[in-house]
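This report examines a single protein chain, from its overall architecture to selected local features. The sequence and the structure are shown first.

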Amino acid sequence: MTEASPHPVSVLVLTKNEESNIAACLECLRFSDDVVVFDSLSDDRTTEIARGFSNTRVVERPFDNWSSHQNWAVSNIEFRHPWVLYVDADERIDADFAAEIMAAADPQAAESAFRMRRKDFFQGTWLKRAQLYPTWFVRLFRPEKIRYERLVNPVAHVDAPTGELRGHIMHYPFSKGLVHWFERHNSYSTFEAQELIKVLAGKRRPVRGVFSRDPSVRRATLKDIFFRLPFRPQIKWAYYIFWRRAFLDGQAGMTYARLQAIYESMITFKVRELQRQERGESI
């Protein structure tokens with residue numbers, strides 16, 4: 001991208017009991033004069049800490065599911081600027097990437113959104129091999145041009161051209177420890193099981209989505225296909241270990257591959273339970 005003047009950007013931060021993360025997150029967002037902490041009724045000091053930042057305001061809403069929550073945000077929050085950057089409380093933006101984001105957020109730009117990559121860290125290690133890097137996420141957008149689908153890990157649909165940025169979001173998903181990771185993925189797996197039931201019932205994305213130019217569409221289509229495979233936990237572990245070579249990320253990579261297999265097992269077990277409930281059988 002060529003050098004360009006910076007443009008103001010609003011920021012949307014989703015939170016739920018992020019007392020341990022929110023201050024560090026907001027510190028790296030001081031480049032914006034309009035940071036909205038969209039809180040799901042935290043019962044810790046998240047909102048108290050957020051209100052201590054002069055460039056930050058808090059909007060509260062009970063959480064239902066990811067796509068509904070994010071669609072409500074982009075439809076109902078009055079952002080100060082035409083472009084919105086979405087981050088989670090356990091993510092960080094460095095100064096160089098902030099400059100790139102502000103340069104891209106031109107009100108006259110042809111694009112209505114920009115994708116960006118993310119680096120995930122575990123035990124001080126960037127999971128370059130043990131994650132699906134590079135995965136592209138739509139995180140900078142015009143709010144009136146975006147909508148989300150899926151109960152968890154939502155897919156962003158943009159009604160106009162989408163560009164790509166060079167920088168990375170830094171993600172620390174284990175910042176609260178493994179106990180929190182398991183608690184969160186217990187919730188995620190419930191939503192994923194509900195999505196898998198839809199796929200098994202025939203609500204599937206067209207296979208041609210595998211060849212889409214949109215990375216989000218490709219990823220969602222591949223997930224639908226993967227959902228229909230047997231032995232998914234074993235396949236996922238083998239994919240990370242042998243194809244992605246997660247062992248090159250050391251102990252962190254090997255551990256993360258096992259955690260992903262456990263997560264896939266949680267989804268599988270919950271699908272079986274839902275199917276038994278649908279048939280009226282005891283669980």
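The sections below treat the overall fold, the nonpolar cores, the salt bridges, a hairpin and some individual backbone features.

**Overall architecture**

The structure is a predicted model. The protein chain contains 8 helices and 11 strands. Its radius of gyration is 19 Å, close to the 19 Å that the globule rule gives for 283 residues, so the chain is as compact as a globular protein of that length. Along the principal axes, the C-alpha trace spans about 55 × 45 × 40 Å.

Of the 283 residues in the chain, 53% are buried. The accessible surface amounts to about 14,100 Å², and carbon and sulfur atoms account for 53% of that surface. Contacts between residues at least 6 apart in sequence were also examined: 71% of them join residues at least 24 apart.

**Nonpolar cores**

The largest nonpolar core holds 42 residues, and the members that touch the most other members are L12, F38, I77, F122, F141 and I146. Beyond residues up to four places away in sequence, F122 touches L127, F174, L178, A252, T255, Y256 and L259. A second, separate core has 31 residues, including V9, V35, A109 and F114.

With a relative accessible area of 12%, H81 is buried. Neighbours within four places in sequence being left aside, the contacts of H81 are P8, V9, S10, D33 and D34.

**Salt bridges**

| Residue | Partner | N to O distance |
|---|---|---|
| K176 | E18 | 3.2 Å |
| E164 | R115 | 3.6 Å |
| R118 | D120 | 3.2 Å |

K176 and E18 form a salt bridge through their side chains. This pair links distant parts of the chain, 158 residues apart: K176 is in the loop between β11 (162-171) and α5 (178-200), while E18 is in the loop between β1 (10-15) and α1 (22-27). How exposed or buried are the two partners? K176 has a relative accessibility of 24% and therefore counts as partly exposed. E18, at 11% relative accessible area, is buried.

The bridge between E164 and R115 has its closest N and O atoms 3.6 Å apart. E164 lies in strand β11 and R115 in strand β6 (residues 113-122), so the pair ties together parts that are 49 residues apart in sequence. E164 counts as partly exposed because its relative accessibility is 42%. R115, by contrast, counts as buried, with a relative accessibility of 8%.

R118 and D120 form a further salt bridge, and both of these residues are buried. They also belong to a network of salt bridges that links E91, R118, D120 and R139.

**The β9–β10 hairpin**

Strand β9 (residues 146-149) and strand β10 (residues 155-158) run antiparallel and are joined by 4 bridges. Within this pairing, R147 has H157 in β10 as its bridge partner. The two strands form a hairpin with 5 residues between them, and R150 in the turn has a positive phi of about 90 degrees.

Two other residues with positive phi values lie in loops. L41 is not a glycine, yet it has a positive phi of about 60 degrees. It is placed in the loop between β2 (34-39) and α2 (46-50). With a relative accessibility of 42%, L41 counts as partly exposed.

R245, also a residue other than glycine, has a positive phi near 60 degrees. R245 is found in the loop between α7 (232-243) and α8 (250-278). At 36% relative accessibility, R245 counts as partly exposed.

Where in the chain is P134? This proline lies in the loop between β7 (125-126) and β8 (136-141). The peptide bond that joins Y133 and P134 is cis, with omega at about 0 degrees.

Methods:
Residues numbered from 1 in each chain as written. Predicted model: local features only at pLDDT ≥ 70, side-chain atom pairs only at ≥ 80, totals over all residues. Heavy atoms only, no water. Salt bridge = Lys/Arg side-chain N within 4 Å of Asp/Glu carboxyl O. Buried < 20%, exposed > 50% of the residue type's maximum accessible area, 1.4 Å probe, protein only. Pairing = 2+ DSSP bridges. Contact = heavy atoms within 4.5 Å. Rg over C-alpha atoms; globule rule 2.2 N^0.38 Å. Areas by Shrake-Rupley, 256 points an atom, 1.4 Å probe, with all protein chains shown as cover. Core = buried A, V, L, I, M, F, W, Y, C linked by side-chain atoms within 4.5 Å.
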